[in-house]
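Visitor: I have a few minutes before my next run. Can you walk me through this one?

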Amino acid sequence: MDVIIVGAGPAGCRTAEIVAKKGYEVLVLEEHPRIGKPTQCTGLVSKNIGKIPKEIVVNKIKRARFCCGNGFFEIESKQKMILLDREKYDVWLAEKAKKAGVKFKLSTRFLGFENGKVLTNKEKIETKILVGADGPNSSVAKAVGIELPKNLLFALQVNVNSKFDSDLVELWFGKDIAPGSFAWVVPENEKVARVGLLTEKNPNFYLENFLKKRFGKIEIKNKTGDFLRYGIIKKSVSNRVLLVGDAACQIKPFSGGGLVYNKISSEIAGKAIVKSLEENDFSEEFLLENYEKKWKEKLFWPIMRGLAFKWIFSKISKQTIFSLVKNFGITNFASFLDVDFLQK
C-alpha cells in the first residue's frame, strides 16, 4: 500500500482523494462501523468550505446575536452561513474518495506502526506513508512519539424543539455560561435548533444551566459530546508519518471550528504526500519542508491570533465586552471572535 490514512473524517477523506487521483493506492481505516457516526460538531461553516451539495445543507443563516449578560448585539453577514448535515457531509466526502479509487476498511482500529507496517485489530499492512487523521487524541501521534498540545475544550450538544428565528444564530458568552469559550443556539428551522457549548470544564453542568437560562424546562434529544485539543503543535510529522486535521490541532482555538482549517491542511497534506511518493522520499525532513512548513504558513498566525483572543477574552468581564463594542464597533469586535461569521 502507498498510503494508509487512519480516520475517515473530512481531513482523512480529502487527503485520501487528492492522493488517489494521482493513481496511488490509498487505504482509509475507520474504527467505527459507519462513516459520519458519531456526529462530532455543530456543522455551521462559511462559504470558504467550498461547494456543497444542496441535500447536505440543512439551513442558511445570515444573522448572529451575541449575548453577554443581560444585553446583546447583532451582526449581519454579507454571505450566509451554511448549516450542514454532518453525517451526510462526511459520507459525501467518503464517496468522492471512493470514486477516486480510495479503499475503506470500517470497524478497523489502529494499534501501532513499526518498520513500515501498520498493526490493526485485524491484520498487519505495509505502507510507505501513514497519515493520522484520527482526531484530538490521535493514536498515530502516540504510536510515533509526536507530542500533542495539552489544551482541551469539552463540547456538548443537544437538539431542542421550540420556536426559533431560522435566520438567527445565538452566541452566548460569560464565565457563568461556558468558561473558556461560549454556548450556541443554531436553528435547523423554525422548530428545531442545535444547542450546545464549549467549555474548559464540567460540560454537563454548564449545559444544564444554559438550557434552564435560555429555555426553562425543556425536553432534549440527541445528546452528543466530544473534546477538542487546540494550540500550535510543535511538530506534525515524523519519518513516514504526518498528522492532519484535528490530530494536528488544525482548529480555531476560540470557536473550536475545524472544517475550513481541515480543508486547507488536507489539501496541503495531499500534495505533500504525492510529492513524497514521486520522489521516493519519506523522511521527516522532507515532510517538514513540504507539509508542515506550508500548512503553518497558512494557519500559524490565525491560530496564534485565536489563542491570544481566547486568553484576553477569559480575563475580561461582560461589561468590558460592551466597552469594546462601543469603542471599536460591532464588526471589528466580531471579526476577532474567530467563528467564521464575517468571512466573505
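Guide: We'll take confidence, then the core, then a helix pair.

Visitor: What is the mean pLDDT of the protein?
Guide: This is a predicted model. Its mean pLDDT is 89, and 92% of the residues reach 70 or more.

Visitor: And where is the pLDDT below 50?
Guide: Over residues 338-344. That stretch still has 33 contacts in the model beyond near neighbours in sequence. Where pLDDT is low, the predicted coordinates should not be read in detail.

Visitor: New topic. Which residues touch the most other members of the largest nonpolar core?
Guide: Val3, Phe104, Leu130, Leu242, Leu243 and Tyr291. The core holds 63 residues.

Visitor: Which helix gives the most to this core?
Guide: Helix H5, residues 259-279, with 9 residues. There is also a second, separate core of 22 residues. Ile75, Val186, Leu198 and Phe254 are among its members.

Visitor: Back to Leu243. What does Leu243 touch?
Guide: Setting aside residues up to four places away in sequence, its contacts include Val140, Ile146, Leu148, Ile233 and Tyr291. Gly132, Ser138, Ser236 and Gln250 are also among them.

Visitor: OK, helices. At what angle do H1 and H5 pack?
Guide: About 35°, with the axes 8 Å apart. H1 covers residues 10-20. The crossing of H1 past H5 is right-handed.

Visitor: Which residues in H1 meet H5?
Guide: Pro10, Ala11, Arg14, Thr15, Ile18 and Val19. On the H5 side, the partners include Leu259, Lys263, Glu267, Ile273 and Leu277.

Visitor: How many residues of each class are in that contact?
Guide: The contact of H1 with H5 has 9 nonpolar, 4 polar and 4 charged residues.

Methods
Residues numbered from 1 in each chain as written. Predicted model: local features only at pLDDT ≥ 70, side-chain atom pairs only at ≥ 80, totals over all residues. Heavy atoms only, no water. pLDDT = per-residue confidence, 0-100. Contact = heavy atoms within 4.5 Å. Core = buried A, V, L, I, M, F, W, Y, C linked by side-chain atoms within 4.5 Å. Buried < 20%, exposed > 50% of the residue type's maximum accessible area, 1.4 Å probe, protein only. Helix = DSSP H or I, 4+ residues; strand = E, 2+ residues; numbered from the N terminus. Axes fitted to C-alpha atoms, helices over the stretch in contact; angles between N-to-C directions. Left-handed = near helix turned anticlockwise from the far one by under 90°. Nonpolar A, V, L, I, M, F, W, Y, C, P; charged D, E, K, R; others polar.
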